[in-house]
Amino acid sequence: MDAHPPENLYPYTVSRPIYSNPTFEEDNERQAREERTLRERLSRTCGCSGRQALKVVKGVFPVIDWLSRYPIREWLPSDVISGVSTGLVCSLQGLAYALLVSVAPVYGLYSAFFPILTYFLLGTSRHISVGPFPVTCLMVGSVVLTLAPDDHFLLPGNGTGVNGTEADGIVVDVEAMEAQRIMVASSMTVLVGLFQVVMGLLQVGFLVRYLSDPLVGGFTTAAAFHVLISQLKIVLSVPTNNHSGCFSILYTLIDVFTNIRQTNRADLAAGLLTIVIVMAVKEVNSKFRHKIPVPIPIEVIVTVVAAGISYATELESRYGASIVHSIPRGFAPAQPPNTELLWNILGSSFSTAVVGYAVAVSVAKVYAAKHDYTINGNQELIAFGFSNVFCGCFSGFVASTALSRTAVQESTGGKSQVAGIISAVMVMIVILALGNLLEPLQKSVLAAIVIANLKGMFMQVTEVPTLWRQNRADCFIWLATCLASVVLGLDVGLLAGLVFEMGTVVVRTQFPACSTLGNIPEMDARNKFPGIKIFKCNAPIYFANIDYFKERLRVTVGFDSVRVFKKRNKALKKIHKLIKKGKLRATEVRYNLIIVCSSGQVEDGDWPVPEVEVRVDWALELPVRVSVPKVQIHSLVLDFSAVSFLDVVAVKSLRLVIKEFLRIGVNVYIAGCDDEIVRKMEDLSFFDEEVTRDLLFLSVHDAILFIKLETLSLMQDCKEPPPFTEEEDLIETYDNQHRVRTISITPITLDFGVD
């Protein structure tokens with residue numbers, strides 16, 4: 001539809017008084033903020049009644065609230081279908097993601113089962129599927145390989161023992177290695193959970209907001225590269241050393257290509273075929289999602305078929321394929337974490353806790369917005385924390401959520417976490433009864449399933465050109481985080497990306513966008529009126545950017561108020577000397593100056609004048625050779641509508657800036673201050689006898705109209721610059737408090753000439 005021409009627009013008129021902050025507060029009877037004592041706040045917060053107790057219980061256990069209102073007839077059939085579909089995917093992803101942690105596949109099943117139980121009771125999202133996530137699994141796996149590498153379990157021997165595998169005359173004690181690795185993984189999981197619980201109890205869920213979308217996008221893309229390389233060696237079935245930390249991707253690639261001739265063709269063929277089939281069917285599911293009632297469970301189909309082919313053709317014995325081997329039935333007994341390991345994994349555990357929570361909350365918010373409900377970020381921290389503690393005590397590893405698995409649960413009709421419980425039942429059936437059927441499955445098939453599910457992460461690369469066009473700072477955050485995480489490892493890379501992100505925030509606030517305002521004719525009062533400048537700062541003002549603020553203000557007004565003040569002092573001193581020598585007298589209008597003799601007589605050109613009153617029009621020619629910068633304005637309006645806070649340094653500097661302008665006859669007004677900014681000014685003693693609350697206006701419009709109603713001559717008569725004193729005065733300036741000696745000359749108006 002075409003836009004209406006300007007003549008069809010409807011004009012409007014607003015009629016109200018011109019308001020400064022004091023007059024507005026007086027007319028509207030501002031209410032003082034009620035300040036409660038510490039005792040009153042504690043009694044209000046810690047008071048307990050039956051209703052408050054029930055509210056607290058429902059807050060800690062959200063299941064009590066939503067399960068009591070659960071519509072069984074409408075939601076239960078959909079939740080059952082969704083739970084069955086999601087449970088099959090959970091089982092296979094659990095088996096596959098265990099490879100990322102470098103532990104036996106059965107522990108992936110535990111990690112797909114236990115977290116669901118506690119999240120059902122404590123979680124606030126109705127749609128996310130709780131369980132292993134590739135990024136957190138890889139972060140745990142890097143710690144596992146660092147603390148329990150193969151080299152720690154080598155035994156000399158000439159043959160393969162019951163509990164070992166032989167390679168070049170060296171036996172690896174597989175049983176001891178598996179036990180130690182799962183101990184490291186489960187201990188780290190418990191510590192991750194404890195970090196999350198503590199963060200939730202301290203109500204610091206807001207910290208995850210520092211992980212911006214570009215940072216998370218770059219980090220998860222880098223993690224996808226790490227996952228791809230870690231699974232590439234399994235698809236090729238080539239021997240490699242365990243690498244973690246800086247340049248681990250490069251070292252792993254070198255090992256892979258060094259041993260590329262040892263590739264097992266059966267594993268490679270199975271892996272490539274799985275990748276192609278899974279990705280193709282997922283595309284079909286995505287393209288025809290509105291026509292297919294339930295997505296095709298291609299991972300389940302491929303896994304069952306691959307396990308059957310491997311069993312029928314005896315791929316391990318005939319072709320040397322690497323298979324899952326043993327998936328014991330039942331659950332491992334509960335065991336406490338190894339406290340001796342905790343000090344070695346503190347940093348990695350904290351970063352993993354933050355990443356796992358950030359990913360889970362991001363996914364939860366997407367589906368909460370889609371289905372019109374809210375989640376509690378701090379309660380989510382507590383829910384995931386207890387889920388990880390519970391899971392770690394039963395030999396599981398870190399739980400979060402995966403977008404692909406959550407998409408399956410939601411797209412198949414899941415309405416609540418009842419679907420999650422049903423999916424846990426499916427995983428339990430696999431653990432107790434069906435696990436042994438998957439023992440012939442090739443590991444390359446599981447690795448291929450992991451790789452096929454990385455497509456969504458890799459597609460985030462397409463966001464880079466869009467970010468470059470929209471906001472280059474965000475684009476640099478994405479690229480820096482991704483590059484750092486690829487090169488330095490996920491833990492250090494995340495920290496480096498966070499530091500870089502904070503650096504961009506500091507730079508953007510330290511050098512904020514400042515502008516001189518004008519107006520659209522007949523729209524508002526922000527016109528470029530002669531003698532008025534309107535200056536706007538679009539950022540908080542604090543110690544880091546106050547110097548930049550003053551520099552931009554100098555550029556906007558076109559002069560340095562301190563330099564003008566010094567030059568005028570110098571000119572006045574010379575004029576004073578001319579008066580004392582009798583070379584300057586009021587006989588003709590050659591300069592717009594007036595000299596008034598307050599006492600004494602003029603005899604033979606000698607003026608015994610102890611005190612002289614002089615007024616100078618600084619815009620005209622002076623009787624002395626001093627270059628005084630021209631001041632083209634009489635009023636300056638500071639638009640603080642975009643200023644969110646001030647600190648002590650900023651308030652002190654602003655007060656000095658205003659006084660320096662007042663000394664040279666330029667009136668300063670501040671417009672658009674929020675009440676909190678005004679209150680902060682009062683708390684920091686911003687106002688005094690010269691800088692009063694009368695300079696505050698509700699808006700730029702009010703300030704400009706106030707200035708227009710005051711004529712220039714009236715402003716000069718009524719609001720003269722403060723008088724100079726003959727005593728040496730210490731003036732704080734932009735230039736680090738230089739000393740300026742001034743002469744006492746009281747302003748008035750006359751004309752004079754020079755002999």
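Me: Is strand S11 largely enclosed by the rest of the structure or exposed, and why?
Reply: The model is predicted. In it, strand S11 covers residues 635-639, and five of the five residues are buried, so the strand is largely enclosed by the rest of the structure.

Me: Which way do the residues of S11 point?
Reply: Ser-635, Val-637 and Asp-639 point one way, while Leu-636 and Leu-638 point the other way. Residues on both sides are buried.

Me: What do side chains do in a regular strand?
Reply: They alternate between the two faces of the sheet.

Me: Which strands pair with S11?
Reply: Strand S7, residues 532-537, pairs with S11 in the parallel sense over five bridges. Strand S12, residues 667-671, also pairs with S11 in the parallel sense, over five bridges.

Me: Which residue in S11 is the bridge partner of Lys-533?
Reply: Leu-636 is. Towards S12, Asp-639 has Ala-671 as its bridge partner.

Me: What unit do S11 and S12 make with helix H26?
Reply: A right-handed β-α-β unit, with H26 spanning residues 648-663.

Me: New topic. Where does Ser-91 lie?
Reply: Ser-91 lies in helix H5, which runs over residues 72-101.

Me: Buried or exposed, and why?
Reply: Ser-91 counts as buried because its relative accessibility is 4%, and the cut-off for buried is under 20%.

Me: What is Ser-91 in contact with, leaving aside neighbours within four places in sequence?
Reply: Ser-91 is in contact with Leu-109, Met-426, Val-427 and Val-430.

Definitions and conventions:
Residues are numbered from 1 along each chain as its sequence is written. This is a predicted model: local features need pLDDT of at least 70, side-chain atom pairs count only at pLDDT 80 or more; totals for chains, interfaces and linings use all residues. Side-chain values use heavy atoms; hydrogens and water are left out. Helices (H or I, at least four residues) and strands (E, at least two) are DSSP runs, numbered from the N terminus. Buried means under 20% relative accessible area, exposed over 50%, partly exposed in between (1.4 Å probe, protein chains only). Contact means heavy atoms within 4.5 Å. Two strands pair if DSSP finds at least two bridges between them. A crossover is right-handed if, with the strands pointing away from the viewer, the path from the first strand over the helix to the second runs clockwise.
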